[in-house]
Amino acid sequence: MNKPIETLAPWLFTIGLFVVWELACRLFNVSSIILPAPSEIFAAMGRYASPLLKNSFVTLWTTMAGFLMAVAFGLLLGLFVGWSRTIYRGLYPVMIGFNSIPKVAVVPILVMWFGIGEVPAILTAFLISFFPIVVNVATGLATIEPELEDVLRALGASKLDVMRKVGIPRAMPYFFGSLKVAITLAFVGAVVSETIAANAGLGHLMTQAGSNFQMPLVFAGLLALAVEGIGMYAVTAWLEGRMTGWAFRSQQSAGG
Amino acid sequence: MIQLDDVSLAYAGRTGPVLALDGTSISVAKGEFAAVVGPSGCGKSTLMKLVTGLVKPTSGNVFVNGEPVRGPVKLAGMAFQNANLLPWRTVIDNLMLPLEIVEPYRSSFRTKKAEYRARAESLLETVGLQGFGDRFPWELSGGMQQRASLCRSLIHEPALLMLDEPFAALDAFTREELWCVLRDVWQRLNFTVVLVTHDLREAAFLADTVHVMSARPGRIIETRKVDFPRPRSIDVCYEPAFSELVLALRNKIAEVRQA
């Protein structure tokens with residue numbers, strides 16, 4: 001039903017949002033220091049295209065670097081934690097404790113260690129985003145059907161065999177599902193760190209613009225963040241669908 | 001083939017140790033089709049795990065093939081109430097899973113893959129699944145999945161097949177159909193079968209020997225030979241002697257449930 005409308009809907013809503021925003025700003029005569037109208041924001045984007053692009057790129061690469069570290073580390077730790085119930089039980093509280101520390105609080109420490117720059121941003125992105133990957137991979141491994149494990153063990157399969165043939169493939173939908181969450185978090189981590197202490201990146205750009213009362217530029221930075229965030233989310237979502245399509249199809253398995 | 005001598009098994013429950021099996025003795029000859037029936041929760045599945053070496057008895061001895069069981073026996077095929085096929089593998093690849101684990105197939109898996117594939121295909125044919133090898137499990141009905149699961153438990157030509165209520169989740173017609181499939185495969189390959197079931201007709205139709213277990217803690221309280229001539233047709237289920245046997249088994253179980 002109404003297929004074209006459905007595909008167009010996201011665009012229509014986005015454009016509609018900007019139109020309403022623009023109209024509201026003009027109608028109520030909102031000062032551009034408080035809330036700049038989209039037209040001003042787009043104008044600022046045009047004017048400052050070069051610094052915006054440059055800083056967007058910095059944020060993109062710090063996010064990606066932190067995210068890739070989180071993927072590698074999260075996958076390994078997840079496999080380790082999911083390997084046995086004892087490790088799972090022992091490490092889980094530690095990880096929960098670590099995860100409940102707001103990462104903003106860690107940034108000053110990272111700055112003390114590594115100085116102002118890109119390293120704290122990368123590390124913040126990493127620290128904030130590896131947790132969901134670990135938990136998801138470990139959950140995927142820990143929830144192997146016991147009967148299936150019996151089938152394999154009765155054949156003489158080792159723990160490693162069970163993991164390779166069943167555990168790891170089974171954990172993959174969990175893993176790829178967690179990437180969507182992780183990339184968003186990594187992005188948050190990188191920008192938070194840039195806002196506090198950095199000399200490049202969108203967070204830094206926005207803080208600078210804010211202290212100069214260049215509100216259109218601040219909002220242009222926000223828009224750039226949104227676009228980047230959507231882009232990265234889309235890539236991981238696409239990856240998920242492509243790598244583990246079976247998990248979605250098998251849910252809608254028909255009987256008869 | 002299988003020998004349990006006075007085997008007891010207790011496991012740690014939430015409120016202290018729970019005795020699942022108490023002094024169970026059973027023996028199954030090579031090539032025999034044995035069925036184990038009993039009230040629910042009587043430790044039938046525990047019995048399966050003991051025989052395959054997945055759990056160790058608290059006391060008593062388990063022998064398979066004349067040797068005491070010390071770890072997983074490595075020669076058993078197993079199938080359960082749920083087909084438990086891997087959804088990311090096609091039916092054929094699911095069937096070949098045991099070959100990737102059990103020796104001698106394991107070491108020659110890469111070189112002889114085509115041969116093994118052909119074997120899997122022919123096994124699928126015997127259960128009426130020809131042409132479904134490249135489908136994914138979720139594209140199959142429950143009965144078809146169960147057939148595939150049965151094939152997976154047989155692909156490495158195990159000397160011992162352990163079935164834990166494999167047909168319990170199926171409708172009556174599919175179930176009877178699969179009884180015949182199992183009967184034919186067993187008669188052709190002549191492995192040893194232990195079938196755990198709730199279904200007395202299933203036990204009586206398929207088995208050479210029916211063992212009745214008591215309520216928990218489980219022990220074998222009666223063993224009955226089933227001597228309907230083989231090959232049995234499904235019509236045997238409608239003969240008076242068959243009904244008598246099923247009734248007798250039923251009464252026995254009703255009796256132990258009371259106790």
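What percentage of the 256 residues of chain A count as buried? In this predicted model, the share of chain A residues that count as buried is 35%. Chain A contains eleven helices and zero strands, and its elements follow one another along the sequence as α-α-α-α-α-α-α-α-α-α-α. The radius of gyration of chain A is 23 Å, well over the 18 Å that the globule rule gives for 256 residues, so the chain is more spread out than a compact globule. The C-alpha trace of chain A spans about 75 × 60 × 25 Å along its principal axes. When contacts in chain A between residues at least 6 apart in sequence are considered, 78% of them join residues at least 24 apart.

Two packed helices are described by the angle between their axes and the distance between the axes. Helix H8(A), comprising residues 159-196, packs against helix H10(A), comprising residues 215-243, at an angle of about 165 degrees, and the axes lie 9 Å apart. Because angles over 145 degrees count as roughly antiparallel, H8(A) is roughly antiparallel to H10(A). The crossing of these two helices, H8(A) and H10(A), is right-handed. On the H8(A) side, the contact is formed by Met172(A), Phe176(A), Gly177(A), Leu179(A), Lys180(A), Ile183(A), Thr184(A), Phe187(A) and Val191(A). These residues meet Leu225(A), Gly229(A), Met232(A), Tyr233(A), Thr236(A), Ala237(A), Leu239(A), Glu240(A) and Met243(A) in H10(A). Twelve nonpolar, four polar and two charged residues make up the contact of H8(A) with H10(A).

Helix H2(A), which covers residues 38-47, also packs with H10(A): their axes come within 8 Å and cross at roughly 80 degrees. This angle makes H2(A) roughly perpendicular to H10(A). From H2(A), the residues Glu40(A), Ile41(A), Ala43(A), Ala44(A) and Met45(A) take part, and they meet Pro216(A), Leu217(A), Phe219(A), Ala220(A) and Leu223(A) in H10(A). The contact of H2(A) with H10(A) consists of nine nonpolar residues, no polar residues and one charged residue.

The contact takes 21 residues from chain A and 22 residues from chain B.

Terms used:
Residues are numbered from 1 along each chain as its sequence is written. Chains are lettered from A and ligands numbered from 1 in the order in which they are written. This is a predicted model: local features need pLDDT of at least 70, side-chain atom pairs count only at pLDDT 80 or more; totals for chains, interfaces and linings use all residues. Axes are lines fitted to C-alpha atoms, for helices over the stretch in contact, and angles run from 0 to 180 degrees between N-to-C directions. Helices (H or I, at least four residues) and strands (E, at least two) are DSSP runs, numbered from the N terminus. Angles under 35 degrees count as roughly parallel, over 145 as roughly antiparallel, 65 to 115 as roughly perpendicular and the rest as oblique. A crossing is left-handed if the near helix is turned anticlockwise from the far one by less than a right angle, and right-handed if clockwise. Two residues are in contact if their C-beta atoms, placed from the backbone, lie within 7 Å. Ala, Val, Leu, Ile, Met, Phe, Trp, Tyr, Cys and Pro count as nonpolar, Asp, Glu, Lys and Arg as charged, and the others, Gly among them, as polar. The radius of gyration is taken over C-alpha atoms; the globule rule is 2.2 Å times the number of residues to the power 0.38. A residue is buried if 20 or more other C-beta atoms lie within 10 Å of its own, exposed if 12 or fewer, and partly exposed in between; C-beta atoms are placed from the backbone.
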